[in-house]
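Welcome! Take a look at the sequence and structure first, then read on.

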2 protein chains.
Amino acid sequence: MKLLDIYAKLKKDINYIEKELERSIDVEHPMLREASLHLLKAGGKRIRPVFVLLGAKFGTYDLEQVKHVAVPLELIHMATLVHDDVIDDANTRRGQLTVRSKWDNRIAMYTGDYIFAKALNIVTKLSNPLIHQIMSKAIVQVCIGEMEQIRFFFNSEQSIRDYLLRIKRKTALLIAISCQLGAVAAGASEKAARQLYIFGYNVGMAFQVRDDLLDLFGTEKEIGKPPGNDIKQGNITIPVIFALQNEKLKPELLRELKVIQDTDGQTDVNPFLNIVRQSEGIARSEAMASKYIDKAIAALQSLPDIQAKKDLISIAHFIGNRSY
Amino acid sequence: MKLLDIYAKLKKDINYIEKELERSIDVEHPMLREASLHLLKAGGKRIRPVFVLLGAKFGTYDLEQVKHVAVPLELIHMATLVHDDVIDDANTRRGQLTVRSKWDNRIAMYTGDYIFAKALNIVTKLSNPLIHQIMSKAIVQVCIGEMEQIRFFFNSEQSIRDYLLRIKRKTALLIAISCQLGAVAAGASEKAARQLYIFGYNVGMAFQVRDDLLDLFGTEKEIGKPPGNDIKQGNITIPVIFALQNEKLKPELLRELKVIQDTDGQTDVNPFLNIVRQSEGIARSEAMASKYIDKAIAALQSLPDIQAKKDLISIAHFIGNRSY
């Protein structure tokens, strides 16, 4: 089954979540509303709500309950995106900050804060303290992950472990708790919730590794921005870490990396990308993603063979091969 | 009784809260830890925790419970301060953004996010859903208040009502729920919690009006920054709104305001301040603050005459005359 088929099957519920997302940010404040809606309308795969819905199928599926988890998780994801953009804006407009760009940054930052607060406000409609604890703990880790990313910018000495811990915080955790909280909110068994967490964690790790590969190979159309965006920002991803382990390639990579850092990313990064592309870093990263997908699917083995399980497996396979 | 005496009496508990605040941001991340600690060590009056503690005296006072409200409320206040600073940084360094200043902004923004998330994580230790609801609802309003402030920058046509709604969101709400949640966390009666909310709301309104007056009259030593900071940013406060109602002063004020706006605050604001200082806006603002203090104290009337009530009244009087 293809991913589109799964979305088609869940279409009614996803549309309902979409409406709830819109409703949640329907604030009587023109700028705030405009900024939030703009962000929402920009779309996204809504992969977190989809995981929540599928996780909930392992319990007593009640959309009216489950939405109080699905909507906040997508909002939290959106809030982190806005805050990442604030920083990006500050870069690209550097040296020519207009009043308008100043205002945009303010608006973007407070919009992020607002969406984040709104997310937490919605989840309080569920009285299960476990849900609040899981969610707030994960958000703390996401914040640390964002900071970690900055700390390791242009750090060519970082280990595979540094990278893995970082993407766990930055990406995998929120996907893991999406699967888990869907189950918890639907009153599924503790075991189901735990296994779904493990599934989501591994899918999330694979997702980020694939994302990092895409940034090396994707066309501008596929990834919505020119390739090499990660390295321009100083974000050293797993294919690069693997490539740096090749003693022959390392000196050349470090030389290019220094140019990128010294020019603050305002240089042609293709020489750097080409070295990585030709290294064994690609195959090793692909193998790593596949291993995570295998682990994700294995985590579901002991769960009942309902349709949602098959759908989760299909999504996992899709993410393992993603090229969108 | 003087404010210092009240602090002295609560000293042991305030010190404990201070320790818990430190502990709460003790994260294994060098930059994050440094930034958060710097902020914490910068001090502050910890007025929100003090209100939480005093509110809790109307119920069964248990510091181990109440700290789960006192610490988050102070952290939330801190988080909003950091995010305000991000924007200020972006202004003052405009046109000469160094890599270091870029990093500071990132760090400041994610530090704010982290402190905010940490606050919400701590409050999940209390299982009473009412507490979560009250807190998250207030935070949403605080975010809207921050945006409102931006929207009304340099808007000389705003009404008293616009101003009051804005400072309610920006300042009064968090103080109101500090008093209220102290009571709720200590299992005080619904009536006590409600009256304490009303008390806190009115004290918070008076606090902000006084703060706005201080920005006109305070010395740099008293307020930690040169006077006139509000108008430099375009923040039109209540003494200015009152002064603008004087048809004789209005043209001159508008002229000065335009200069300030056109130079983006990089001009001498004393001519503007002097007009406001000589207007009836000062006396009217002072009367407004006094009226709020009266209402605050009246709200406590029906509550039992315990020491905490006397302390709250003393603090209210102090805020009504504040010049710190």
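**Charges over rings**

In chain A, A:Lys57 lies over the face of A:Tyr61, 3.9 Å from the ring centre. Keep in mind as you explore that this is a predicted model.

- Chain B has such a contact too: the charged end of B:Lys57 is found over the ring of B:Tyr61, at 3.9 Å from its centre.

**Aromatic pairs**

- Counted over all chains, there are 3 aromatic pairs.
- One of them is formed by A:Phe51 and A:Phe199, an edge-to-face pair with 6.0 Å from centre to centre and 80° between the planes.
- A:Phe51 belongs to helix α4 (residues 47-56) of chain A and A:Phe199 to helix α9 (residues 190-217) of chain A, so this pair ties together parts that are 148 residues apart in sequence.
- A:Phe51 and A:Phe199 are both buried.
- Another edge-to-face pair is made by A:Phe116 and B:Phe116, with 5.1 Å between centres and 90° between the planes.
- This pair joins two chains, because A:Phe116 lies in helix α6 (residues 99-123) of chain A and B:Phe116 in helix α6 (residues 99-123) of chain B.
- Both A:Phe116 and B:Phe116 are buried.

**Two helices that meet in chain B**

- How do we describe two packed helices? We use the angle between their axes and the distance between the axes.
- For helix α13 (residues 250-262) and helix α14 (residues 270-277) of chain B, the axes come within 9 Å and cross at roughly 150°.
- α13(B) and α14(B) are therefore roughly antiparallel to each other, and α13(B) passes α14(B) in a left-handed crossing.
- Among the residues that meet are B:Leu253, B:Leu257 and B:Ile260 in α13(B), and B:Phe272, B:Ile275 and B:Val276 in α14(B).

Technical notes:
Residues are numbered from 1 along each chain as its sequence is written. Chains are lettered from A and ligands numbered from 1 in the order in which they are written. This is a predicted model: local features need pLDDT of at least 70, side-chain atom pairs count only at pLDDT 80 or more; totals for chains, interfaces and linings use all residues. Side-chain values use heavy atoms; hydrogens and water are left out. Rings of Phe, Tyr and Trp (its six-membered ring) pair if their centres lie within 6.5 Å; planes under 30 degrees apart count as stacked, over 60 as edge-to-face and the rest as tilted. Helices (H or I, at least four residues) and strands (E, at least two) are DSSP runs, numbered from the N terminus. Buried means under 20% relative accessible area, exposed over 50%, partly exposed in between (1.4 Å probe, protein chains only). A charge sits over a ring if NZ of Lys or CZ of Arg is within 6 Å of the ring centre and within 35 degrees of the ring normal. Axes are lines fitted to C-alpha atoms, for helices over the stretch in contact, and angles run from 0 to 180 degrees between N-to-C directions. Angles under 35 degrees count as roughly parallel, over 145 as roughly antiparallel, 65 to 115 as roughly perpendicular and the rest as oblique. A crossing is left-handed if the near helix is turned anticlockwise from the far one by less than a right angle, and right-handed if clockwise. Contact means heavy atoms within 4.5 Å.
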